[in-house]
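Welcome, and thanks for taking a look with me. Below are a few numbered points to read alongside the structure.

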Amino acid sequence: MPTSELSRQERHHSFGGWQEVWQHASSVLNCMMNFSVYLPPQAATGRVPVLYWLSGLTCNEQNLITKAGFQRYAAELGVMVVAMDTSPRGDNVADDADWDLGQGAGFYVNATAKPWAAHYQMYDYLVSELPALIAAHFPTNGRQAIAGHSMGGHGALMIAAKNPERFTSVSAFAPIVAPSQVPWGQKAFTAYLGADTAWQQWDTSRLIEQGHALPPALIDQGLADPFYPGQLSTEVLQKLCQAKGLEATFRYHDGYDHSYYFISSFIEEHLRFHAAALQR
């Protein structure tokens with residue numbers, strides 16, 4: 001494996017495969033970035049499909065790999081799982097004192113307003129730069145799925161809606177489905193994008209209204225989530241998908257909150273959902 005562009009930071013044997021963390025200099029984000037890769041046992045002898053995971057506010061590449069318990073199922077199913085950081089990082093990268101803006105809160109958009117535009121190009125990073133790195137350095141067969149949690153659920157659904165031909169499937173836990181209509185998204189979009197005329201292209205619900213499609217989708221929402229329904233207006237997207245005839249399953253779970261306890265409870269079902277689509 002050529003590694004001229006990459007530096008491995010961690011490597012752990014897990015369920016017959018390898019959980020790794022890599023660092024590289026991102027030309028899109030103009031900073032150093034970390035991402036994690038789980039290589040299932042099947043990757044030692046052949047090429048495997050990839051599931052990209054997008055995390056939520058305040059998170060990084062570590063949250064999924066240390067809290068979700070997905071490795072057991074990825075190893076069984078032969079799926080590579082790639083998780084990236086949620087924003088550019090570094091002393092020279094614009095930040096904010098609030099936890100829901102700036103570093104750790106990139107919202108997976110391409111910022112156009114100063115000072116954010118110099119680094120916050122998360123959409124291009126995820127859609128272009130990172131997949132090119134994965135294809136060049138890891139044994140992928142080119143088939144891709146995408147998933148995420150909270151802000152990352154917004155990112156996964158939005159990116160899938162803008163690029164439905166690139167992904168066999170999409171799933172989300174507690175996603176921000178209509179960011180232009182809720183406080184979290186309005187705060188971030190005002191900072192990163194300025195005038196609200198630019199917001200619709202980054203809002204999954206608006207994209208579906210405009211005629212964009214989704215690949216087969218699975219969305220889970222906990223009914224004890226403190227951010228539901230104020231920030232997580234799940235039914236808005238559900239009604240749009242039903243009206244547009246999209247293949248999307250929405251599930252609501254009594255007692256579950258916004259945490260990785262929720263994610264780890266249903267991550268096996270999400271992995272199996274994606275594996276079935278990736279292998280078709």
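How many bridges join strand β1 to β2, and do these strands run parallel or antiparallel? Point 1 takes this up after a word on the source. This is a predicted model, in which local features need pLDDT of at least 70, side-chain atom pairs count only at pLDDT 80 or more, and totals for chains, interfaces and linings use all residues. Residues are numbered from 1 along each chain as its sequence is written, and side-chain values use heavy atoms, with hydrogens and water left out.

1. Strand β1 (residues 6–14) and β2 are antiparallel and are joined by 8 bridges. Helices (H or I, at least four residues) and strands (E, at least two) are DSSP runs, numbered from the N terminus, and two strands pair if DSSP finds at least two bridges between them. R8 has W22 in β2 as its bridge partner. The hairpin of these strands has 2 residues between them, and F15 there takes a positive phi near 50 degrees.

2. On to the next pairing: β2 is joined to strand β3 (residues 31–39) by 9 bridges, again antiparallel. A25 has M32 in β3 as its bridge partner. Here the hairpin has 4 residues between the strands, and N30 takes a positive phi near 60 degrees. Strand β2 (residues 17–26) is largely enclosed by the rest of the structure, because 7 of its 10 residues are buried (under 20% relative accessible area, with exposed over 50% and partly exposed in between; 1.4 Å probe, protein chains only).

3. Have a look at E61, in the loop between β4 (48–54) and α1 (62–67). E61 is buried but has no salt bridge, and the nearest side chain of opposite charge, R89, is 6.6 Å away. A salt bridge needs a side-chain nitrogen of Lys or Arg within 4 Å of a carboxyl oxygen of Asp or Glu. Beyond four places in sequence, E61 touches V21, N34, F35, S36, A83, M84 and D85, where contact means heavy atoms within 4.5 Å.

4. F107 sits in the loop between β5 (80–84) and α3 (122–137). F107 is buried, at 0% relative accessibility. Leaving aside neighbours within four places in sequence, its contacts include L57, M151, W184 and Y192. The C-alpha atoms of F107 and P179 are 9.4 Å apart, with 72 residues separating them along the chain.

5. Finally, the cysteines. The count is 0 disulfides, a disulfide being a pair of cysteine sulfur atoms within 2.5 Å. The closest cysteine sulfur to that of C31 is in C59, 18 Å away, so it is too far for a bond. C31 is buried, with a relative accessible area of 11%, and C241 is buried at 2%.

Definitions and conventions
Lys and Arg count as positive and Asp and Glu as negative; His and the chain ends are not counted.
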